[in-house]
Every structure is written in structure tokens, then in C-alpha cells.
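Dear colleague,

Please find below the structure that I am handing over to you, together with its sequence. My findings follow directly after it.

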Amino acid sequence: MQMISNDHVKQWMNLQPVTLSKEDTLPETLVLFSEIADKELPVVENGHLLGVITLQDCVTYLYEKNDILCIMKTDYYAVSEDFSLNDKKTPERPLYVLHEKNGALEGVVGNEEMIAYYEYVREREKDARQTIEWLKLGFDTAYEGVAIVDEKGTILLFNESYSRYVGVSKEEALGRPAADVIENSRLPAVLKTGVPERSQPHRLQGQELVVHRLPIWKNGQVIGAVGILVYEGISEIRQVLQRMERLQTTDKQSEKQMSREPLAQGPTHFDDIIGESPGISKAKKIGRKASKAKATVLITGESGVGKEPFARAIHEDGSRSSGPFVAVNCAAIPENLLESELFGYMQGAFTGTRNNGKPGKVELASGGTLFLDEIGDMPHTTQAKILRVLQEKEVDRVGGTTPIPVDFRLIAATNKDLKKQMEEDKFREDLFYRLHVMPLHIPPLRDRKQDIPLIIADRLPKLSEENETQETTIEKEVLERMFQYDWPGNVRELLNVLEQMFHLCEDDHIRLEDLPDGFNEQTQVTESLSEWQERKQKQEEKFERKQIEKVLGEVDGNKSKAAKRLGISRATLYNKLSRFS
Ligand SMILES: Nc1ncnc2c1ncn2[C@@H]1O[C@H](COP(=O)(O)OP(=O)(O)OP(=O)(O)O)[C@@H](O)[C@H]1O
């Protein structure tokens with residue numbers, strides 16, 4: 001039995017159309033024409049269609065003939081009730097729907113019915129467009145990466161998440177064979193076998209993922225396949241399992257230990273570096289590649305963007321992960337101590353040293369990674385020495401005579417413009433090119449504000465967990481205000497602001513009034529670093545003051561007890577109180 005769809009004439013035909021009988025005259029017929037929108041009328045006898053009279057003929061022969069049968073035509077447009085109005089270009093003339101078996105006239109689809117049908121089609125298309133829009137949005141918002149290929153394995157659809165996972169833009173991917181775009185793709189194999197592959201581990205860009213590969217069957221044939229990346233990484237599943245384990249463990253102490261350890265250090269794997277913006281995804285893609293290579297990586301980006309997490313992730317993801325990760329902040333160590341810190345010193349190298357000498361960080365990094373942070377602040381003479389170490393692969397301890405072989409991978413980072421520094425003769429050109437083998441730039445937070453909610457969603461539950469409080473929530477308006485802000489201190493500032501608000505807020509809910517002062521000015525804040533530092537200092541003072549007042553309240557104003565609780569001396573407490581007053 002044929003299913004009747006909304007396009008079939010049966011749904012639209014007029015069951016009581018205006019009809020003529022054999023006895024009708026031409027003048028009577030003309031009067032009827034004036035009442036209808038069609039230019040043709042059916043002549044019916046005993047429910048059967050004898051023929052049709054056209055308006056044109058009726059007018060032409062009005063004064064010559066009276067009998068309609070003389071001008072009746074039989075070349076009418078007859079269809080059965082399952083005729084689809086969507087199938088062919090619908091004729092301008094009425095459609096006469098005849099019963100398939102007995103040929104009786106069942107109804108007519110004239111002008112009015114066609115107008116109603118077109119109106120319905122327009123509405124349906126509008127709905128379809130809206131549905132497609134929603135599907136597209138949902139497709140791109142989905143956390144899972146989804147790719148759809150046709151029977152030849154050509155990519156037809158590719159969502160944002162997939163694009164992020166494989167680091168290829170949609171424009172580049174669409175229309176290309178899946179095997180060219182997706183590393184080790186098994187979608188072509190699934191197209192061949194037609195057998196779904198569910199929950200399979202898959203390595204993509206050095207990242208472990210769980211994937212489903214599902215063939216699409218239609219009318220008994222595989223017409224395509226869907227690839228779904230389910231989790232951002234197997235490490236995420238591990239994290240979920242760890243979280244569950246943590247919930248189950250009764251030993252609270254070890255529970256705290258487990259949750260605090262990674263927090264104190266920050267992200268150490270690419271999966272833990274939060275952000276899905278194109279900028280951070282690109283940086284992660286380069287970082288993953290870098291972890292597989294041996295070349296020196298130069299990480300650039302403003303202060304607080306997360307250069308150290310990237311350096312750690314490159315180390316952890318690479319072949320040297322079992323070796324040490326040794327970090328040196330070149331800006332934090334006084335110039336005269338930097339060389340002995342980096343290269344070590346021999347016994348008696350300095351007057352007053354009684355020990356047996358000390359290995360430097362370069363030596364300590366042997367078998368692992370040396371991370372030289374703020375390399376732009378390294379003095380010229382030290383730059384020459386580090387260059388020699390890189391070229392010769394051996395280090396001379398200060399005061400030593402025999403070079404010591406070293407084998408380390410170097411990752412350098414800076415928030416300075418090294419090219420400009422070279423022009424100003426502050427940075428050695430030869431060292432720059434030695435470092436600039438795999439450049440990795442981390443964009444500032446203001447250029448990837450879509451990462452803000454993700455960082456908050458990651459950090460806030462951890463703060464609650466660390467502080468053993470109820471899960472803290474945040475008002476949407478606070479996020480909106482955060483989107484308007486420029487974040488000169490980048491992720492570091494965001495984490496700092498979040499922590500302040502976490503401690504200040506009432507009833508475990510962060511509201512607009514908990515935002516530090518700078519945010520409550522409606523104007524866009526674009527401030528210099530020094531202005532930011534000054535404002536940050538004020539915020540910290542405000543926060544400190546609130547903390548002290550809170551503790552003083554808890555100990556009924558007893559300053560000795562308060563100092564003890566705050567972990568500071570009484571003198572420091574008095575000092576702070578006098579500064580606040
Ligand atoms: N994408 C991120 N996801 C989670 N935490 C992040 C991210 N980016 C940065 N952080 C955290 O933000 C803080 C600041 O980052 P970090 O110290 O690495 O910045 P930096 O670029 O090295 O700054 P500086 O140039 O001042 O050394 C750290 O606690 C780091 O763990």
C-alpha cells in the first residue's frame with residue numbers, strides 16, 4: 001500500500017469542485033467562470049469526467065453556439081490520488097483526480113488549492129531552514145568531534161570539535177578524502193566492511209582518544225560513515241575514574257593530597273591545558289608536534305598566558321618524560337649568580353665555598369628537558385655560554401677545566417620581542433636562530449575570551465574541592481563582565497580574580513559585587529602593565545584586609561591568636577592593621 005504524503009494531491013484536492021453538466025449553456029457557464037479562479041471547468045455526468053470547457057472557448061463561441069458539448073475538450077490533466085505535487089513542475093491547468101479503478105472524479109486541484117499548497121511548501125522550507133540552522137549549531141557545539149563521509153570516503157560534514165582535534169579547519173577538510181585529513185583514519189575500512197567499530201582507542205596528533213566509526217546504511221547499501229571522537233583524551237577518562245576513586249576513598253588526608261598535587265603545579269599535559277579557542281588549539285597542535293621532535297622550542301607570549309604549562313606538557317608528552325624537567329627563570333636570578341646556577345661550579349671556585357662544588361641546572365637536566373624561562377632577560381655573556389653548550393653539547397662548570405658532556409632538550413620562553421631585542425643588540429642573533437627552530441606562540445587571553453568560561457568551569461570545582469566547601473556557582477552577569485575586560489595579566493590574572501571572588505562570595509555563589517573594583521567600571525579597561533600591577537596590588541590588599549577582619553572576628557579581636565591563625569608574626573599583623581587604618 002502506498003503511503004500518502006503531504007505532497008500528494010489527495011491532501012489538497014477540492015472534494016466539491018464547481019462542475020458543469022451536459023445541459024448547461026454557454027452563458028450559464030460564463031457566469032460560473034466569473035465566480036472561480038480557474039480558466040477551465042469540468043463537465044461531469046454520474047460522477048465521471050466527460051471533458052472540460054475552457055474560458056477562452058466559452059468567450060470565443062458565446063454568440064455562435066449554445067451547447068457546451070460542442071466546445072468540450074477531452075485533453076484534460078487527469079491524475080490519480082497519489083500524484084505528488086512535488087514530483088513535476090505542476091501545470092497551470094487544474095488537475096482532475098480520478099479514482100484509479102472506476103475512473104470517477106474524486107476532486108480537483110485548481111488555482112486556490114495550488115496557492116494553499118505553495119504556502120505550505122514555503123512554511124515547510126522555512127521550518128527546514130530553521131532546523132538545519134539548529135542542527136548546524138548543535139553539530140558545532142557538540143563536545144564530541146563528528147565527521148561524516150560519503151561512500152567514497154570524501155568528507156561531507158566536519159564539526160568544530162573535530163576540526164580542533166585534528167587541527168585542520170573545516171574549509172580545508174570538506175571535500176577531501178578522510179584518509180588525507182585524519183591521521184590513521186579507519187573510516188575507509190568501515191565503508192568497506194560496513195561493520196561499526198565502537199569505543200576504539202585512536203591516536204590523533206599524539207593524543208589518545210576514544211572513537212566510534214559507524215557505517216551509514218540506506219536501502220541495503222553503505223552510503224557513508226560517521227566518525228565520532230568521544231572524549232578529548234583517554235587521560236580524561238582516567239581523570240573521571242580518579243575522581244570516582246577519590247569520592248570512594250575514606251582516607252580524607254590522601255584525598256586532599258591527590259587533589260592538591262596537580263593544582264600546585266598547574267597543567268602538565270596538553271589535555272589539562274584548558275581552552276578550545278583557535279589560538280590555543282593551534283598552540284596545542286604545535287606543542288604536540290614539538291613533543292615528538294628533538295628541536296629547540298621557543299615559546300612566546302605575554303606574561304601569564306601559560307608558557308610554563310606548555311613547556312611541561314611538551315616534556316611530559318615526549319620521549320624524555322622519564323627524565324627530569326628542570327626550570328630556570330632567567331629573570332628571577334641575579335646576574336652574578338645565573339652562570340653558576342646554570343653551569344654549576346667546582347670546589348673552590350668561589351672564595352668561601354667549602355663544599356665539593358655543585359652541578360648546574362644544565363647538567364641536572366641531562367636526559368630530560370631544560371626550560372629557560374624569560375630567556376629575553378639573560379645577560380649577553382651568559383647567552384654566549386649557553387649557545388656554546390648547545391653547540392658543543394658539553395658544559396664547563398665555573399672554575400672547572402674539564403668539560404662535562406650533557407644531553408638535554410631545550411625549551412625557552414619569553415614575553416619579550418626577541419627580534420626587537422636583537423635589533424637593539426640586547427639578544428644574540430646566533431642564539432636567536434638556534435632557539436627559533438620550533439616557535440610556539442600563545443595568544444593573550446583577550447584574543448581568546450571564549451576560553452574564559454572553560455577555565456572557570458575547570459578551576460571553580462577544584463577550588464571548592466580544595467577548600468572543602470559546597471560547589472560554588474557563578475552568575476552569568478559576572479561572566480559577561482569578564483568578557484568585556486581586557487585581561488592584561490592573562491590566565492594568571494583570571495585565576496587570581498576567580499580565587500579572590502571564591503573567597504569573598506556569600507552562600508557559595510559569585511555575584512557581580514564580588515568582582516574586583518576594575519570590573520565594576522562599565523568602560524572597557526585597557527591598561528598598561530604597571531597600572532594593572534597597581535590595581536592588582538590594591539585588590540590583593542583589599543582581599544587581605546577582608547581575610548584579616550574575618551579572622552579577627554573569629555578570635556574575638558585577639559591579635560596574637562589572629563596572627564597565629566593567619567600564619568604571620570604579631571608585628572606583621574600590627575603593621576598591616578596600621579596600614580589599613
Ligand atoms: N590554559 C590554561 N589552563 C589552565 N591553567 C593555565 C592555562 N594557562 C595558564 N594557566 C595557569 O596560569 C598561571 C600562569 O601561567 P604561567 O606562569 O605559565 O604563565 P607564563 O606565560 O609562564 O608567565 P610568565 O611570562 O610571567 O612566566 C599558571 O598557574 C598556569 O598553571
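Cys58 has a relative accessible area of 0% and is therefore buried, since buried means under 20%. Cys70, by contrast, counts as partly exposed, because its relative accessibility is 49%. A search of the whole structure for disulfides returned 0. As a reminder, a disulfide is a covalent bond between the sulfur atoms of two cysteines. Please bear in mind throughout that this is a predicted model.

The ligand site

The ligand is surrounded by 18 residues, of which the closest are Ile274, Ser303, Gly304, Lys307 and Arg492. Sorted by class, this shell comprises 7 nonpolar, 5 polar and 6 charged residues. Two helices, α12 (307–317) and α20 (490–504), each supply at least two residues of the shell. In terms of domains, at least three shell residues come from each of domain 3 (265–443) and domain 4 (449–580).

A polar backbone atom of Gly304 is 2.8 Å from an oxygen atom of the ligand. In the side chain of Arg492, an N or O atom also has a ligand oxygen at 2.8 Å. For Glu374, a polar side-chain atom lies 3.5 Å from an oxygen atom of the ligand. Taken alone, the ligand exposes 630 Å², and the protein buries 85% of that area.

Backbone angles and a helix cap

Which residues other than glycine have a positive phi? Lys393 is one of them, with phi near 60°, and Asp508 is another, with a value of about 55°. Most residues other than glycine have a negative phi. Lys393 is located in the loop between α15 (380–392) and β16 (394–395). Its relative accessible area is 51%, so Lys393 is exposed, the threshold being over 50%. Asp508 sits in the loop between α20 and β21 (509–510). At 27% relative accessibility, Asp508 counts as partly exposed.

Helix α22 (residues 559–566) is capped at its N-terminal end by Asn558, whose side-chain oxygen lies 3.1 Å from the backbone nitrogen of Ser560. Just after α22, Gly567 adopts a positive phi of about 75°. Within α22 is Ala563, which is buried, with a relative accessible area of 2%. The C-alpha atom of Ala563 is 8.8 Å from that of Ile548, and the two residues are 15 apart along the chain.

Other contacts and separations

Glu339 belongs to helix α13 (residues 335–343). Is Glu339 buried or exposed? It counts as buried, because its relative accessibility is 15% and the limit is under 20%. The side chain of Glu339 makes a polar contact with the side chain of Lys385, at 2.6 Å.

Val297 is part of strand β11 and, at 1% relative accessibility, counts as buried. In sequence, Val297 and Leu410 are 113 residues apart, whereas their C-alpha atoms are separated by 6.8 Å. The loop between α11 (278–292) and β11 (297–300) contains Ala293. Ala293 counts as partly exposed, at 27% relative accessibility. Between Ala293 and Ser319 the C-alpha to C-alpha distance is 9.0 Å, with 26 residues separating them in sequence.

Leu512 lies in the loop between β21 and α21 (529–554). With a relative accessible area of 23%, Leu512 is partly exposed.

With kind regards

Terms used:
Residues numbered from 1 in each chain as written. Predicted model: local features only at pLDDT ≥ 70, side-chain atom pairs only at ≥ 80, totals over all residues. Heavy atoms only, no water. Near = heavy atom within 4 Å. Polar contact = N/O pair within 3.5 Å; in protein donor to acceptor, adjacent residues only side chain to side chain. Areas by Shrake-Rupley, 256 points an atom, 1.4 Å probe, with all protein chains shown as cover. Helix = DSSP H or I, 4+ residues; strand = E, 2+ residues; numbered from the N terminus. Nonpolar A, V, L, I, M, F, W, Y, C, P; charged D, E, K, R; others polar. Domains from an automatic or database assignment. Disulfide = S-S within 2.5 Å. Buried < 20%, exposed > 50% of the residue type's maximum accessible area, 1.4 Å probe, protein only.
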